[in-house]
Amino acid sequence: AAAYASLVPQKKESRLDGEKKSILYLGLGGGTLPMLVNEPCDVIELDPDVVDMATKYCDVDCSFVNIHSGVDALNHSSVTPGPHSCVFVDVFGIDNNVPSGFVTQNFVQGIYDNLEENGVVLANFHYGGNDAEEKRLQEGKVAYSNVFGSCLAIPSRFQRNMILCAKKE
């Protein structure tokens with residue numbers, strides 16, 4: 001949320017077209033991030049049980065969080081084609097690692113293509129826990145750097161999470 005706040009203009013009048021931001025989350029989890037950002041958004045979450053838990057027990061407000069349940073986030077562009085001002089990628093498999101499909105050149109290019117000019121992508125990775133996490137993070141860095149020209153890696157202070165940030169220019 002802090003990276004988003006520092007990278008994306010917060011006032012409607014700061015946007016050149018005067019339109020509201022379109023924010024897309026790939027992965028819901030407990031719904032903490034959409035609730036922190038507190039702006040209307042779309043969320044794609046594959047697991048209906050995750051959606052059920054987030055809405056029942058974590059107070060996700062469905063009046064501004066539009067959840068697309070049972071949809072594979074790899075197919076995001078067919079559900080929410082954009083353009084988006086920001087895309088958050090927070091997807092983990094049963095092994096607690098980012099699935100390999102989310103670090104391919106094709107996936108990252110799809111994110112890029114669905115961002116508006118100056119749009120931002122923020123992708124969450126785990127690191128430091130095992131070799132598989134390190135490998136996936138490195139694959140992510142390469143894919144995002146290749147497609148966007150560069151990416152910034154921001155480590156979280158208290159958890160073993162690394163946020164990759166890239167901007168479409």
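Strands pair if DSSP finds at least two bridges between them; strands (E, at least two residues) and helices (H or I, at least four) are DSSP runs, numbered from the N terminus.

This is a predicted model, where local features need pLDDT of at least 70 and side-chain atom pairs pLDDT 80 or more, while totals for chains, interfaces and linings use all residues. Residues are numbered from 1 along each chain as its sequence is written, and side-chain values use heavy atoms, without hydrogens and water.

Now helix α5, residues 105-113. Which of its residues are buried? Phe107, Val108, Gly110, Ile111 and Tyr112 are, buried meaning under 20% relative accessible area, with exposed over 50% and partly exposed in between (1.4 Å probe, protein chains only). These buried residues pack against β1, α4, β4, β5 and α6, contact being heavy atoms within 4.5 Å.

Last, the cysteines. The structure holds zero disulfides, a disulfide being a pair of cysteine sulfur atoms within 2.5 Å. Cysteine 62 is too far for a bond, because the closest cysteine sulfur, in cysteine 41, is 9.7 Å from its own. For cysteine 151 the closest is in cysteine 165, at 8.3 Å, also too far.
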